[in-house]
Every structure is written in C-alpha cells, then in structure tokens.
Amino acid sequence: MAMLEIKDLHVYYGIIQALKGISFEVNEGEVIALIGANGAGKTTTLHTLTGILPAKTGSILYNGVELTKTPAHKIVKMGIAHVPEGRRIFQQLTVLDNLKLGAFTRKDKEGIAADLEMVYKRFPRLEERKTQIAGTLSGGEQQMLAMGRALMSKPKIIVMDEPSMGLSPIFVSEIFDIIESIRKDGLTVLLVEQNAKKALAIADRAYVLETGRITLSGKASDLINDEKVKKAYLGD
Amino acid sequence: MAFLDNLINGISLGSIYAVIALGYTLVYGIAKMLNFAHGDVIMVGGYVIFTAMTSMKLNAYLSVLIAILACTVLGIIIEKVAYKPLRQATSLAVLITAIGVSYFLQNMALLIFGEKPVTFTSVIDIPKITLFDGQIVIKSETTAAIVVSVLIVVGLSLFVNKTKSGRAMLAVSEDKDAAQLMGINVNRTISLTFAIGSGLAAIAGALLCSTYPVLSNTTGAMPGIKAFVAAVFGGIGSIPGAMIGGLLIGVIEILGRAYISPQLADAIVFAVLIVVLIVKPTGILGKKVNEKV
C-alpha cells in the first residue's frame, strides 16, 4: 500500500474548479515531483493534502487514514509537514521561536532538543541567527527556516511548495542539496517546483499537472527526456 | 497640589482604560477584529458583581471571581455564536455584528435590571494612602486600579511571550494558515483570546464601578470606546501599547476636564487620537508590518 494515496480529488475555489479529479500516490522513501505551469493546481493539491483547503469530493488516504475529513491542525501530528509557498515563516518572531512552533504538537522535550540540534547542524546559519527576528533574514535563509521548522515536527513525509522560488542560483543549489540529504535520512518528499529541471533531477517519479488534471506521469528519468515535457517545462 | 490630585485621578482612570484596552488589543491582535461589544461585557461584569453582592450576599472578592468566570464564558459564547460563523466574511460584516452584539447586551441588561441606574458598592477593601500630611489622599480604588493594571500587563506579556499557548496566539496573529500547518488549533486559540479578553473586562468592570459607583446598561459603552482609542493610541495589537495608551488617555481626559473644559474633555481625547493617527498611523508602539514578498 502506498503511504499517500490521492484518489479522484476535486477541489473548488467558490465556483471555480481548481482540481478536476486528480489521482496519484506517494510511496514511503520516494521523492515525488509535481510539476506544471502557474495555475495548474500544484499548490491547491498541497493545500488540500494538509487540510488548508477542503476537498469537494475524492479521497486522500495517508497510511489508510482519510485526510479530507481531518482538520489541518491534526494532520501535522500524523507526520505530514508542509513547507508552504512563499515560506510563510512568522516574520515577527525569532528564528528559535519559529523552530519551536514547528514542534508545537510534540511533547517529548529531549526529542525536540535533539531535533533542534539536528536542524542547526543541517542549517548552521539558523543557529548563528537564532535570536534574530525572522523577518530580517534573507530569502534563502527564510527558506531554510521554513524547512527547519517543518523538520521540527518530526515528519514522515515532507511536502514542499516551490522551495527554490525567488532565490539566487547559489541558494537554489543549496536548497536542492538539502532536499537530497533529507531524502537520504529516510524522509518521503512531495515536491512542487517550477524549476522542473532540478526537480526531475532529484525525484524518483513525477506527475505533470495541467489546469487541474494530471496529464503525464512516470519515472523522473523518463520524463526528463520526454519531448513534450522538454518543450513545455524544461525550456529546451 | 490640585494638579497632583488631578494627575493621580487621571492615572487611576487611565489604568482602568488600560485594562479594557488590553482586551481590545488582544482580540484585535489575534482575531483581527474589533470587538465593539467589549465595553458591554464590562457592564455585564458590573451587574454580575452587583447581583452577587446584593441579592446573594456574597463577599466582594468572591463576587468578582464569579464575574470573571461569567464574563469569560460570555466571551467564548459571543465568539462562537456571533463571530465564528463570520470567519471568512468581510471585516465590515464582523464589525456590524459586533455592534449588534453590543446593542443586544445593553438591551438584555435593560430588560433584566431596568433603566434606573443602581448604586454599586466598591469591591475594594484596602486602606487609602495619605501623603504630605493629608494634602494628597490616594483612594483605595486608585491604588487598586494601578496595581491591578500593572499586574495584568506583566502577566499577559509573560503569558504571550513565554508560554506555548501564548506563542500559538502570536503565530495565529501573524498567519492563521501557517499556524494551522504547525498543528495549532486556530479556533481554540481565538476562543482562548476571547476568554482572556472578557475575563479582563470583568476585572475592568469591578475597577470601573468601584471608582465611579453608578451602574446602568450603558455603563460600559463610553469607557469601551475610550479604551479602544487608547488601544489605537498605543498601537493596536501591542500589550505595552495598550497600557501606555490607556494611561495617556486617562490623564489627558482628567487634565482636560480640570484645566480646559469639562464639556470638551471627550472631544480633546478624540482630537488627540486624530493627531496621533496623522503623525504616526500605527500608534505609539505599533509595529509596521513589513510585507516581504
């Protein structure tokens, strides 16, 4: 059984249909990329997955548990962390407070302390700036904070929405290196990216979304050589 | 010495405004709405204390405690019934609803307690302080108002900045969706905010009615509006701002009444607000949120 199984998901914004019946699955340990143009429904998919948006019909099964009926604040505790588009860190709080909020649902003090060390090890810059107000960090550092904050919930699967958006090329490479290392630690990753080339390079499998539908899916290594994908998303 | 007397009265009134303003600022800061019924919760608190002391013959402190509990519950109910269904609605709809709740509370009180104001017995039972051989007397109500408001500001600041629930409030205040992604129950956090704000309103009611012992169904309305001015003045959303704003408004009002014109005292308060909003729209301690894309 897949870790995450999305079946015929329909999502609306008012009367506008954003997802027109998408189905896909994520297996444990995989890195899955969702690629597609602006407005294809990538962010909507992630928001529905973590309970920010309600689904009209369809189901999202996570280890057999239905998520479409689960309130957002309970989904984190089940092991799904979401790194939202635009980072959405708490700008007015310190870096450390942001990380502590990441562990909001946890009660194991030692585990939290150990994970804080782990996050600092992964992102030394966050440790240097732990007392700094998060809003004063650079875009790349804010992205690291958003990822660190998500890791603090001790997730089994981490969902990332456009982690490389708006970052300088150096930071983009760094962010993808981090995703690679997160995967090596055994986490499952569902990645939404506009930078399709980089996303396909690290993903195991990928799905292509077009105006609310999945139009193409397969091994990332196959998709990267697919003529249609090349033309539409890789800029070749 | 008359000036000192006036100043002390101003600080006393200002401390009460500060306690009310804290409720306003807390609810605004976290739920992003102006709860115009907040002033009327003060009045409800006053009547609960009055009823407990006169009809049930309970002692003053127990009566205040009952009022705090009653108002806390009332705050939670108001939020659940009137505001929660409007979470996705425009802020104008919420504002109008808040005004509706305000009228509802005032008219319920009118129905239950009648239109004739009642005389409130002070709940404060501490000795007055005499300074300069009796030239200055600080009333026990004044001492109580100042001490209580300082304790509340310190307590509330510690709660918000140092506890997990407090940090959840800050997170909800900044970004509700992101807060949910952290596993924070946004509805429960907003409920908690209303509970605390309304509990504070009961305390403000005890202080207000003890200092100005006439209680009617509109008792809370004007202090509510002044405290709102105080909250905006200090920077709405800021806890120390509410304290500073409250004190300033109280002092300006009393000094204005004493030295300029009793009739114009309220006008002066609002004129000061207008000037502050022109010079510094975010208030004295208000933070300008930097929108970083």
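Modeller: Happy to, and keep in mind that this is a predicted model. Let's begin with the hairpin of β9(A) and β10(A): two residues lie between the strands, and T211(A) takes a positive phi near 35°.

Biologist: What makes β9(A) and β10(A) a pair of strands?

Modeller: Pairing asks for at least two bridges. β9(A) and β10(A), the latter being residues 213–219 of chain A, have six bridges in the antiparallel sense, so they count as paired by that cut-off. Within this pairing, R205(A) stands opposite K219(A) in β10(A).

Biologist: Which strand pairs with β9(A) in the parallel sense?

Modeller: That is β3(A), residues 31–36, joined to β9(A) over five bridges.

Biologist: Why is β9(A) called mostly covered?

Modeller: Buried means under 20% relative accessible area. Five of the six residues of β9(A) are buried, so the word "mostly" follows from the count under that cut-off.

Biologist: What makes β1(A) and β2(A) a hairpin?

Modeller: Strand β1(A), residues 4–13, runs antiparallel to β2(A), residues 16–26, with eight bridges joining them. Two residues separate the strands, and G14(A) in the turn has a positive phi of about 65°. Y12(A) has Q17(A) of β2(A) as its bridge partner.

Biologist: How do you know that E141(A) and R129(A) form a salt bridge?

Modeller: The rule wants a side-chain nitrogen of Lys or Arg within 4 Å of a carboxyl oxygen of Asp or Glu. For E141(A) and R129(A) the closest N and O atoms are 3.2 Å apart, so the pair passes. It links distant parts of the chain: E141(A) sits in helix α6(A), residues 139–151, while R129(A) is in the loop between α5(A) and α6(A), 12 residues apart.

Biologist: Which other salt bridges in chain A link distant parts?

Modeller: Among them is D185(A) with R122(A), at 2.5 Å from N to O. D185(A) lies in the loop between α7(A) and β8(A), R122(A) in helix α4(A), 63 residues apart. Another joins R183(A) and D204(A) at 3.1 Å. R183(A) belongs to helix α7(A) and D204(A) to the loop between α8(A) and β9(A), 21 residues apart. D204(A) counts as partly exposed because its relative accessibility is 30%.

Biologist: How much area do the two chains bury between them?

Modeller: About 2,200 Å², with 58% of it on carbon and sulfur atoms. On the chain B side, E174(B), L181(B) and M182(B) lose the most area to chain A, together 32% of what that side buries. The contact takes 20 residues from chain B and 26 residues from chain A.

Definitions and conventions: Residues are numbered from 1 along each chain as its sequence is written. Chains are lettered from A and ligands numbered from 1 in the order in which they are written. This is a predicted model: local features need pLDDT of at least 70, side-chain atom pairs count only at pLDDT 80 or more; totals for chains, interfaces and linings use all residues. Side-chain values use heavy atoms; hydrogens and water are left out. Contact means heavy atoms within 4.5 Å. Buried area is the accessible area (1.4 Å probe) that two parts lose on being put together, summed over both. Helices (H or I, at least four residues) and strands (E, at least two) are DSSP runs, numbered from the N terminus. Buried means under 20% relative accessible area, exposed over 50%, partly exposed in between (1.4 Å probe, protein chains only).
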